[in-house]
Amino acid sequence: MEKEGLGLEITELRLGLPGRDVAEKMMKKRAFTEMNMTSSGSNSDQCESGVVSSGGDVEKVNDSPAAKSQVVGWPPVCSYRRKNSCKEASTTKVGLGYVKVSMDGVPYLRKMDLGSSQGYDDLAFALDKLFGFRGIGVALKDGDNCEYVTIYEDKDGDWMLAGDVPWGMFIESCKRLRIMKRSDASGFGLQPRGVDE
Amino acid sequence: MNYFPDEVIEHVFDFVVSHKDRNSISLVCKSWYKIERCSRKEVFIGNCYAINPERLIGRFPCLKSLTLKGKPHFADFNLVPHEWGGFVLPWIEALARSRVGLEELRLKRMVVTDESLELLSRSFANFKSLVLVSCEGFTTDGLASIAANCRQLRELDLQENEIDDHRGQWLNCFPDSCTTLTSLNFACLKGETNVAALERLVARSPNLKSLKLNRAVPLDALARLMSCAPQLVDLGVGSYENEPDPESFAKLMTAIEKCISLRSLSGFLEVAPLCLPAFYPICQNLISLNLSYAAEIQGNHLIKLIQLCKRLQRLWILDSIGDKGLVVVADTCKELQELRVFPSDVHGEEDNNAAVTEVGLVAISAGCPKLHSILYFCKQMTNAALIAVAKNCPNFIRFRLCILEPHKPDHITSQSLDEGFGAIVQACKGLRRLSVSGLLTDQVFLYIGMYAEQLEMLSIAFAGDTDKGMLYVLNGCKKMRKLEIRDSPFGNAALLADVGRYETMRSLWMSSCEVTLGGCKRLAQNSPRLNVEIINENENNRMEQNEEDEREKVDKLYLYRTVVGTRKDAPPYVRIL
């Protein structure tokens, strides 16, 4: 059978003892998960730490328990079960921790840790970084002049304009964020800004 | 056989129920094919892309019940990106257009939209049963259409779906005239529930046998619901974080005691341990118990409950039960047929001493002679344990073992687990489904190929050394239907050794293996009845066709047999060769 062009050098027999290849396999896993990290944010969810976020220490075999668990889709527990048996998955506990952030026009969502921001300015900066887009920060600080509005879903399931309430109150009640085109916002049913409108 | 008129043969065929058997009889002769197809009421389609709705309806015009499966199994573990496919709308549209008298629709891993549900609810006057498992794409608005429009609805069963909960009043949409419900499961809904509407619905459904509530239904409501539905056979409770006050607790106990038909219990998403004793009175009747979402309950509380469940046949539990708890199960549940032990700590972050080991598995195998299905997540395993299990339980049909750490050897001998799994396949002659884990060489696949003659589904992860491993399986397991492999060193030589084989199987999944683009192209070249899909989410890697490197490894390969060629609804990152 013709073997040219099949790239069979990759499949050559290896005669090593079992277990020898652990380091090599760990490296492949790391490379794989890093690739996943750059292409799609939608595979991770609140509970699954399935993506390695560190830059690239690919040579070192990391034996810590945290690294072992950071392979996408491993252990093979279905995503519904992961989300619902995680202790943080309770609907009554919101706020601190990772929230989903969506932006109109971007086909995938991102996750960000609200707890790592110090205030609205910090949040604006972080959102800019997340989507590589200058305008969001402006939306948060000086809403009326920007193409986008930043809204969030609170504990009660209502969509609120970000920036009204004190920061502490905001992070306690924010469940997810959305960066929405101002033009789409008019019919959306936002709660009114304040008494003195 | 041809001496009988068609009506007589048709009557005989009514007794042939299983899909496999009906498929077989349709192959006997033209006349039987014709009679069978016109009398077939239930059709099962394991891969929605293997056939299209028009051909289905053409062959089975009298179809009443349809089961469809969409995404491959590994989609459960986030290995298949969003928008890959599995859309149900074209099926519902086609069925509606052809005026098929659809009564039952069962979907697994498909994308269902509110639009599809609305169309479904309006198109089939006799529609009775909707079962959605691991589906996504719809909201409670879609459920409202089903509730409002399906006048004959008996069953609405939502299992582990991703549903956007708009906190609308979908339960209110069941008309007052709706009294036919036998099964209602909305455990996966995350939002608030209109408890008053639910109570009214349950009160007017005297045939309700199965009721599974979501988190939001509080304890006192549960007591009232059970009081007006003492005929329940299957109950899924919600979430009870706080200790109940004595009065609520007493009411709950009274209500539960009356439910003498209760055989199956599930839910308990978050449960204060003191609520459990309310259920003690009915434990002796239970044949199925699912506590696998009850992360907050400690081992000893679980054990107290289980000790009362002497008739249990099916148990789903978390590993917080510990080996000690499994010994109790082994001593108590002599009728046990199916056991699933899930990891309570999915990320491996805690040093969890309470988790289960090979000790628990051996105890169960020794104590439960009727055990035939097991799913077991554990930290460690030994060959000796697996050999003992094989000896104790030669009747396994499904054996899925997941050792949490990839490549982990026998923790006592440090050897691979080839011999242990080898013992399992050799002893369990009826084994149909197997998942392997831990440190494994090509040798385990030699055993599987040699002994697992009835094996239909095999899941492989982080295992094997060379192409020989995969070849042993493909050559040996003649009944293989679904083979799914991840992170294992199998490449083109194995993939291409017997291309015709794949038409005898439903599908093959290979991700993070050694197959290359060139190999996949070669595979697809002479296989018009296979769809060879390459899933590549990384945009940077997608080059122009004349620049692409055939030696490049393929991230995810999913191939399946089909009689309708390339599908038209694939997203840009799926390339069908």
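This is a predicted model: local features need pLDDT of at least 70, side-chain atom pairs count only at pLDDT 80 or more; totals for chains, interfaces and linings use all residues.
Two strands are taken as paired if DSSP finds at least two bridges between them.

Zooming out, β3 and β4 belong to an open sheet of 5 strands in chain A, ordered β2-β1-β5-β3-β4, and the pairing is mixed. The edges are held by β2 (110–113) and β4 (159–161) of chain A; each has a single partner strand, so one side of each is left without a neighbour in the sheet. On average, neighbouring strands here are turned by 30 degrees against each other, ignoring direction.

A helix goes with this sheet too. Helix α4 of chain A, residues 120–131, lies across β1 (98–103), β2, β3 and β5 (176–181) of the chain, and its direction makes an angle of about 150 degrees with β2(A).

As for chain A as a whole, there are 7 helices and 5 strands. Read from the N terminus, the elements go α-α-α-β-β-α-α-β-β-α-β-α. Of the 197 residues in chain A, 42% come out as buried. Taking contacts in chain A between residues at least 6 apart in sequence, 52% link residues at least 24 apart.

UniProt, in an unreviewed entry, lists residues 4–42 of chain B as "domain: COI1 F-box". In the model, residues 4–42 of chain B are 64% helix and 3% strand, and the end C-alpha atoms of the span lie 24 Å apart.

Further along chain B comes helix α12, residues 322–332. Here "buried" stands for under 20% relative accessible area. By that cut-off, 8 of the 11 residues of α12(B) are buried, so the helix is largely enclosed by the rest of the structure. The buried residues are Gly322(B), Asp323(B), Gly325(B), Leu326(B), Val328(B), Val329(B), Ala330(B) and Thr332(B). What do the buried residues of α12(B) pack against? Both helices and strands of chain B: on the helix side α11 (299–306) and α13 (358–367), and on the strand side β13 (314–318), β14 (338–342) and β15 (373–378).

Methods: Residues are numbered from 1 along each chain as its sequence is written. Chains are lettered from A and ligands numbered from 1 in the order in which they are written. Side-chain values use heavy atoms; hydrogens and water are left out. Helices (H or I, at least four residues) and strands (E, at least two) are DSSP runs, numbered from the N terminus. Axes are lines fitted to C-alpha atoms, for helices over the stretch in contact, and angles run from 0 to 180 degrees between N-to-C directions. Contact means heavy atoms within 4.5 Å. Buried means under 20% relative accessible area, exposed over 50%, partly exposed in between (1.4 Å probe, protein chains only). UniProt positions are given in the numbering used here, feature names are shortened, and annotations may be inferred rather than shown by experiment.
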